[in-house]
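Subject: Structure handover

Hello,

Here is the structure we spoke about. My notes follow below it.

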Amino acid sequence: MTDNPAADQKQRFLFPDSDIRGELVRLDRSLAEVLGAHDYPMAVQGLVGEAVAAVALLAGTLKFEGRLSLQAQGRGPVSLLLAECTHDGQLRALARHDERAAECPPTVADLIGDGTMVITITPDRGRQYQGIVPLEGDTLARCLEGYFQQSEQLPTRLWLAAGNGRAAGMLLQRLPDRAAGAGHNAEHWRHLETLADTLTMEELLDLNTETVLRRLFHETPPRLPAPQPLRFGCTCSRERTRNALLSLGGAEIRQLLDEDGEATLTCDFCLSREHFDAVDLAELAREAEAR
């Protein structure tokens with residue numbers, strides 16, 4: 001298997017004769033498109049990069065068509081961090097920040113401060129699931145490990161890195177014991193966790209997938225299914241924007257029509273714009289009033 005270190009992909013890996021799985025993510029072009037729509041300070045760029053890598057890893061748990069989102073809110077310079085990944089590998093993210101972020105240390109505690117993190121799983125069909133945990137930990141990886149400990153109750157470790165317009169991440173997770181006994185899985189988990197902790201952030205960012213896995217786990221090589229490509233993909237559309245305007249109600253749409261005669265809405269993720277002229281707004285007002 002050959003691999004380009006700059007390729008945007010997610011590689012799942014499975015350890016034979018154990019109930020332990022892993023995911024390795026590399027992001028380049030897709031992250032450039034996420035960051036290119038915004039003028040983020042360096043610390044915020046790193047945080048967004050780690051968040052995008054994290055949701056790409058976590059979306060590997062989806063067993064259905066849908067999306068997984070990570071949202072963190074606090075009282076620090078970054079008031080909102082939001083990243084999403086769909087089951088088919090489409091990524092998008094944004095951060096809202098103030099001027100303090102330009103001089104802020106690149107830690108979750110300093111950038112977001114006291115707050116909460118919400119993981120939301122939204123199937124295309126079926127009920128939405130949401131887990132909420134406090135932001136506890138200096139890194140996004142530690143905060144997410146706390147989420148798994150509290151919400152999923154599955155031993156899970158994450159390693160995240162971002163820099164120079166790229167991001168990468170690795171996840172190890174111990175599943176409920178099935179293929180092997182609990183004692184074997186527990187011992188194997190401790191061994192793999194110790195090996196993974198030797199990985200430096202520079203190696204995670206700079207080495208290709210095959211090299212990382214060979215360096216860490218050459219004694220027990222994991223099985224590698226086909227990798228999944230990842231790409232930037234925003235779900236905004238004129239129809240979604242139209243529905244957002246309809247949700248305002250007829251009275252508010254008519255107020256927009258009377259005061260401005262038009263409306264232009266900008267997507268927070270990709271900054272694309274949808275324009276609605278006076279005829280559009282009048283039609284929307286009538287439709288909203290008829291509901």
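Buried here means under 20% relative accessible area, with exposed set at over 50% and partly exposed in between. The model is a predicted one.

By that cut-off, strand S2 (residues 20-27) is mostly covered, with eight of its eight residues buried. Ile20, Gly22, Leu24 and Arg26 point one way from S2, while Arg21, Glu23, Val25 and Leu27 point the other way, and all are buried.

Strand S1 (residues 9-14) pairs with S2 in the antiparallel sense over six bridges, and Gln11 has Leu24 as its bridge partner in S2. S1 and S2 form a hairpin with five residues between them. In the turn, Asp17 has a positive phi of about 60°. Strand S9 (residues 166-174) is joined to S2 by eight bridges and also runs antiparallel to S2; there, Leu172 is the bridge partner of Gly22.

There is also an open sheet of six strands, in the order S7-S6-S3-S4-S5-S11, with mixed pairing. Its edge strands, S7 (129-134) and S11 (231-232), each pair on one side only. Within this sheet, S3 (residues 66-74) and S4 (residues 78-86) are antiparallel and share seven bridges. Gln73 has Leu80 as its bridge partner in S4.

On the surface, Asp258, Glu259, Asp260, Glu262 and Asp277 gather in a patch of negative charge. Glu262 lies in the loop between helix H9 (250-259) and strand S12 (263-266). With a relative accessible area of 41%, Glu262 counts as partly exposed, because that value falls between the 20% and 50% limits.

Regards

Definitions and conventions:
Residues are numbered from 1 along each chain as its sequence is written. This is a predicted model: local features need pLDDT of at least 70, side-chain atom pairs count only at pLDDT 80 or more; totals for chains, interfaces and linings use all residues. Side-chain values use heavy atoms; hydrogens and water are left out. Patches are made of residues with over 30% relative accessible area and no salt bridge: like charges are joined within 9 Å, nonpolar side chains (Val, Leu, Ile, Met, Phe, Trp, Tyr) within 5 Å. Accessible areas come from the Shrake-Rupley method with a 1.4 Å probe; for residues, only the protein chains shown count as cover. A salt bridge is a side-chain nitrogen of Lys or Arg within 4 Å of a carboxyl oxygen of Asp or Glu. Lys and Arg count as positive and Asp and Glu as negative; His and the chain ends are not counted. The place of a charge is taken as NZ of Lys, CZ of Arg, CG of Asp or CD of Glu. Helices (H or I, at least four residues) and strands (E, at least two) are DSSP runs, numbered from the N terminus. Buried means under 20% relative accessible area, exposed over 50%, partly exposed in between (1.4 Å probe, protein chains only). Two strands pair if DSSP finds at least two bridges between them.
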